[in-house]
Amino acid sequence: MKHHYPMRFAWALTGSGHYLQECIGILESHPDVDLFLSRAAVEVLAMYGVDLKRLGKRLPCYHDTAASAPAVGRLYQGVYSRLVIAPATANTVAKMVCGVSDTLVTNLYAQAGKCRVPSIVFACDTAPALETAAPGGPVMVYPRRIDLANVERLRGYEYTTVVDSIAALVAALATPP
């Protein structure tokens, strides 16, 4: 496919606060990023004090407001060299594993796979116990067996790299697609 646009990242945020500030810092450090926000992401950004208007002035933002997710068509135009979903909730991971594409983010993942655009997924629930940031401060969470199993299943999907730390995310982004 001949690309008519510069190769960009499509970066999707879900409703997770797990390393949210760090993910935003990373995405803002890349010059060619379009941001895709699930409905839950918009809510969570507000809870964590992220100024969505400021973010929207810095980079293009697409919101989950249409049933057909027309912005996903940019994948078919060859605009993106990869999709990054970071951070990804257990709900989003479960939907991706089951092939459900009923949100902007899960639709992006499904269409990226169909277009052979590599995806990097920073899954939240990757260990039996972990500390994560909540609006009121750090909390311990204990992912369910099904959440851990879904992450493991996703690791086996074509065109998908699952990472479980900020360091692994940075390393995956530094690797050519």
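**Entry 1, rings.** I began with the cluster that ring pairs build from F36, Y62 and Y80, taking rings of Phe, Tyr and Trp (its six-membered ring) as paired if their centres lie within 6.5 Å, with planes under 30 degrees apart called stacked, over 60 edge-to-face and the rest tilted. The model is a predicted one, in which local features need pLDDT of at least 70 and side-chain atom pairs count only at pLDDT 80 or more, while totals for chains, interfaces and linings use all residues. Residues are numbered from 1 along each chain as its sequence is written, and side-chain values use heavy atoms, with hydrogens and water left out.

I found three aromatic pairs in the structure. Y19 and F122 make a tilted one, with 6.1 Å from centre to centre and 40 degrees between the planes. Y19 belongs to the loop between strand 1 (8-13) and helix 1 (20-29) and F122 to strand 5 (residues 119-123), so this pair ties together parts that are 103 residues apart in sequence; helices (H or I, at least four residues) and strands (E, at least two) are DSSP runs, numbered from the N terminus. For burial I used relative accessible area, with buried under 20%, exposed over 50% and partly exposed in between (1.4 Å probe, protein chains only). On that scale F122 is buried at 0%, whereas Y19 is partly exposed at 33%.

I then took F36 and Y62, whose ring centres are 4.8 Å apart with planes at 20 degrees, so the pair is stacked. F36 sits in strand 2 (residues 33-37) and Y62 in strand 3 (residues 61-63), so the pair ties together parts 26 residues apart in sequence. F36 is buried, at 0% relative accessibility, and Y62 is partly exposed, at 24%.

In what order do the strands of the open sheet run? I read 3-2-1-4-5-8 for its six strands, with parallel pairing, where two strands pair if DSSP finds at least two bridges between them. Strand 3 and strand 8 (160-163) are at the edges with a single partner strand each, so one side of each has no neighbour in the sheet. Neighbouring strands are turned by 20 degrees against each other on average, direction ignored. Strand 1 and strand 2 run parallel and are joined by five bridges, and L35 in strand 2 is the bridge partner of W11.

Helix 5 (residues 104-114) packs on the sheet and touches strand 1, strand 2, strand 3, strand 4 (80-88), strand 5 and strand 8, its direction making about 140 degrees with that of strand 4. Axes here are lines fitted to C-alpha atoms, for helices over the stretch in contact, and angles run from 0 to 180 degrees between N-to-C directions; contact means heavy atoms within 4.5 Å. Helix 6 (residues 145-155) also packs on the sheet, touching strand 5 and strand 8, at about 140 degrees to the direction of strand 8.

In helix 7 (residues 166-174) I noted I166, L169, A172 and L173 as buried. Seen down the axis, the buried residues of helix 7 fall within an arc of 125 degrees, so they line one face; the arc is that of the directions from the helix axis to the C-beta atoms. A167 and A174 are exposed on the other side. The cover over the buried residues includes strand 1, helix 1, strand 4, strand 5 and strand 8.

A nonpolar core is a set of buried Ala, Val, Leu, Ile, Met, Phe, Trp, Tyr and Cys residues joined through side-chain atoms within 4.5 Å. The largest one has 27 residues, of which W11, L13, I24, L27, L35, L169 and L173 touch the most other members. Helix 1 gives the largest share of this core, five residues. A second, separate core of 25 residues includes L75, I85, Y109 and V117.

T89, in the loop between strand 4 and helix 4 (90-98), is buried at 16%, and with the neighbours within four places left aside T89 is in contact with T14, G15, S16 and C124.
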